Amino acid sequence: MSSQPFTTGTAPGALPGLGHVWPLMRRPIEFLTSLPAHGDLVEIRLGPTRVYVPCHPELLRQTLTDDRTFDKGGKYYDRARAMAGNGVATCAHKDHRRQRRLLQPAFHPTRLEAYATTMEQEVRALTDSWGDAEIIDAYPVLYALALRTVTRTLFSTRVTDAVVADIQHSFDIAFSGFFRQMFMPPALLRLPLPANLRHQRALRNLNGIVDRVLRDSTAGESGEADARNVLSVLLASRKSAADPGTGDADAGTGGTGTGGAGTGDGAAGATGADGRAADAEIHDQVVTVLAAGSETVASTLTWAMYLLARNPAAQRRLQEEADSVLGGRPARWDDLPRLPHTHRVITETIRLYPPGWLFTRVTTADVTLAGRHLRAGTTVVISPVPVHRNTGIFRRAADFDPDRWLPERTSGLPRGAFAGFGTGPRKCIGDTFGVAECVLALTAVASHWSIGCAPGADVRPVPLAAFYRPRRLRLELNRRAGHDA
């Protein structure tokens with residue numbers, strides 16, 4: 001860790017019994033952006049509990065890379081596990097290496113290229129359904145796109161549109177009230193309140209759908225299943241003991257975009273006591289991949305289109321890049337390296353509006369952070385926002401500026417300045433998958449349509465939702481002259 005002195009402070013405005021929950025839930029970006037003014041490590045209150053927010057990139061990096069000391073836990077992950085199970089994104093340190101090693105082969109570069117074909121097909125099916133002038137409610141439309149894509153790359157069987165819609169509805173109810181469930185006292189969670197009953201029904205429905213699709217997929221397995229999908233990797237681990245050498249070959253490539261996490265988790269660990277994944281664990285991994293692969297992609301694409309609608313110059317550059325590289329044809333996996341501006345648009349969108357905007361970790365031992373002694377069991381709130389929007393790190397930090405990610409401008413950024421996918425051992429396993437889908441979809445839209453905001457938009461965040469998304473973003477898509485589908 002850096003030897004530089006860090007400052008600590010306390011955020012003002014805590015309310016009795018609520019702490020800072022109200023501003024955090026009603027205007028989260030503004031509240032989190034305000035914290036660096038009070039120190040590099042800032043104490044806030046979640047209800048009556050004192051928690052600490054790293055607002056300096058080096059402190060954020062330390063908490064993310066030392067996942068043994070700063071383990072996934074606290075109210076956020078207690079609620080996340082109750083909803084999504086003990087999958088690779090929610091499990092504690094003791095389970096993570098084994099789970100990541102189990103799942104990593106499904107995100108090998110050769111598999112990602114195969115998934116890209118599905119992404120292209122789903123994007124084309126969506127854009128082909130649009131007329132010359134189309135008004136869409138962006139998030140539900142893009143969420144359905146992302147969910148159809150992830151179900152086709154996840155399961156061995158094609159999932160019907162009705163099942164996709166059912167999954168979407170269940171996730172929407174479950175995740176829209178995530179933080180309400182997180183902050184509600186346990187005694188109230190057990191009461192038959194309307195919100196609790198809706199939440200419970202949504203989770204039962206979601207788990208029932210996943211179980212049914214898993215049964216159908218398992219029944220169709222022949223031992224030589226489609227090796228391109230995620231579920232086949234999980235089922236293979238159940239059918240036969242894993243070969244440690246094979247796991248290292250897949251997981252240690254570092255080519256999936258998981259950075260240090262790919263090599264760190266692929267180097268050791270086993271796939272379980274007998275090398276098999278239990279049915280319950282497969283279920284949890286499926287729910288995890290469904291949630292992460294749909295919510296994050298939909299949120300990023302929604303905010304990207306909003307930012308482009310408000311920044312015509314950036315939109316024109318995106319269109320010019322698409323025209324130059326593609327000449328009107330659909331984008332393919334091989335085109336991704338030739339679309340750098342589109343990649344920068346996605347990165348800048350995630351800097352401003354990270355889908356995963358708040359998590360909690362809990363110290364497993366006494367530790368010193370920014371010179372402050374934290375006892376074992378202390379909650380640390382992880383959010384990219386105080387770093388991503390810190391004016392001491394990024395010039396005009398509130399502005400949408402994709403070119404801030406040009407190589408010559410990023411060379412001076414401190415480590416940890418961008419944490420949109422996390423970092424260290426728990427870095428998002430599907431970051432390359434998600435970014436590729438966003439780039440392919442955004443390029444497809446830019447190739448043929450101009451994006452504008454339509455009347456009736458409400459870009460305030462959905463209150464208490466697990467993923468950062470607008471309440472209602474109506475977009476007007478007008479076909480560009482001379483750019484027929």
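Q: Which residues does E295 touch, leaving out those up to four places away in sequence?
A: A contact means heavy atoms within 4.5 Å. By that rule E295 touches Y139, Y143, F171, F175 and F467, with residues up to four places away in sequence not counted. This is a predicted model: local features need pLDDT of at least 70, side-chain atom pairs count only at pLDDT 80 or more, and totals for chains, interfaces and linings use all residues. Residues are numbered from 1 along each chain as its sequence is written, and side-chain values use heavy atoms, with hydrogens and water left out.

Q: Where does E295 lie?
A: Helices are DSSP runs of H or I with at least four residues, strands are runs of E with at least two, and both are numbered from the N terminus. E295 belongs to helix 15, residues 279–310.

Q: What polar contacts does the side chain of E295 make?
A: A polar contact is a pair of N or O atoms within 3.5 Å; within protein, one must be able to donate a hydrogen and the other to accept it, and residues adjacent in sequence count only if both atoms are side-chain atoms. The side chain of E295 pairs with that of Y139 at 2.6 Å and with that of Y143 at 3.5 Å.

Q: Where is A370, and what is its phi?
A: A370 sits in the loop between strand 7 (367–369) and strand 8 (372–374). Its phi is positive, near 55 degrees, in a residue other than glycine. A370 counts as buried, at 10% relative accessibility.

Q: Is R396 buried or partly exposed?
A: R396 is partly exposed, at 42% relative accessibility. R396 lies in the loop between helix 18 (385–388) and helix 19 (407–410), and has a positive phi of about 45 degrees although it is not a glycine.

Methods:
Buried < 20%, exposed > 50% of the residue type's maximum accessible area, 1.4 Å probe, protein only.
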